[in-house]
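Dear colleague,

I am handing over the structure below, and I would be grateful if you could look through it before reading my notes.

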Amino acid sequence: MKSKENQSATTTPTASIAYAQVGDVANTFVLSASILYAAVVIFFTQPGKSGVLDVEWKKDGFCVQNKDVPFLSSFDTCLYVDILLSIVLGGMYYA
């Protein structure tokens, strides 16, 4: 017969299982989207292939808007958002 201490250590609360399942679904979605994106890039960047990627994307490797405006292009904006969210995540981690 197991003691109460052993039983509580081996059982997982229902909420934890639900959170784990949500995380599994989210990770599966991200993995699937990454694989799909890689397949699209590999297929449509070959010479002579036309499809969902335009000439500018093939030249730059991604879509860049406002190339002539320093520090305000879409590439720079992505950098700023990444830095901001990294700071938020760092704050959540150390809180």
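The accessible surface of the chain in this predicted model comes to about 8300 Å², and carbon and sulfur atoms supply 68% of that area. Of the 95 residues in the chain, buried ones make up 7%.

As for the fold, the secondary structure consists of four helices and zero strands, so that the order of elements from the N terminus on reads α-α-α-α. When contacts between residues at least 6 apart in sequence are considered, 0% of them join residues that are at least 24 apart.

On confidence, the mean pLDDT of the chain is 81, with 83% of the residues scoring at least 70. Among the elements, the lowest mean, 54, belongs to helix α1 (residues 4-10), while α4 has the highest, 92. I would keep in mind that where pLDDT is low, the predicted coordinates should not be read in detail.

Turning to helix α4, which spans residues 74-94 and includes Leu89, I noted a nonpolar surface patch of about 580 Å², made by Val81, Leu84, Leu85, Val88, Leu89 and Met92. Leu89, one of the residues of this patch, has a relative accessible area of 56% and counts as exposed because that value is over the 50% cut-off.

The structure also holds one aromatic pair. Tyr93 and Tyr94 form this pair, with their ring centres 4.9 Å apart and 85 degrees between the planes, an arrangement classed as edge-to-face because the angle between the planes is over 60 degrees. Both partners are exposed by the cut-off of over 50%, for Tyr93 has a relative accessibility of 64% and Tyr94 a relative accessible area of 70%.

Which loop holds Thr45? The residue is placed in the loop between α2 (14-44) and α3 (55-60). With a relative accessibility of 36%, Thr45 counts as partly exposed, because this value lies between the 20% and 50% limits. The C-alpha atom of Thr45 is separated by 6.5 Å from that of Lys58, although the two residues are 13 apart along the chain.

With kind regards

Note on methods: Residues are numbered from 1 along each chain as its sequence is written. This is a predicted model: local features need pLDDT of at least 70, side-chain atom pairs count only at pLDDT 80 or more; totals for chains, interfaces and linings use all residues. Side-chain values use heavy atoms; hydrogens and water are left out. Helices (H or I, at least four residues) and strands (E, at least two) are DSSP runs, numbered from the N terminus. Buried means under 20% relative accessible area, exposed over 50%, partly exposed in between (1.4 Å probe, protein chains only). Rings of Phe, Tyr and Trp (its six-membered ring) pair if their centres lie within 6.5 Å; planes under 30 degrees apart count as stacked, over 60 as edge-to-face and the rest as tilted. Patches are made of residues with over 30% relative accessible area and no salt bridge: like charges are joined within 9 Å, nonpolar side chains (Val, Leu, Ile, Met, Phe, Trp, Tyr) within 5 Å. Accessible areas come from the Shrake-Rupley method with a 1.4 Å probe; for residues, only the protein chains shown count as cover. A salt bridge is a side-chain nitrogen of Lys or Arg within 4 Å of a carboxyl oxygen of Asp or Glu. pLDDT is the predictor's confidence in each residue, from 0 to 100. Contact means heavy atoms within 4.5 Å.
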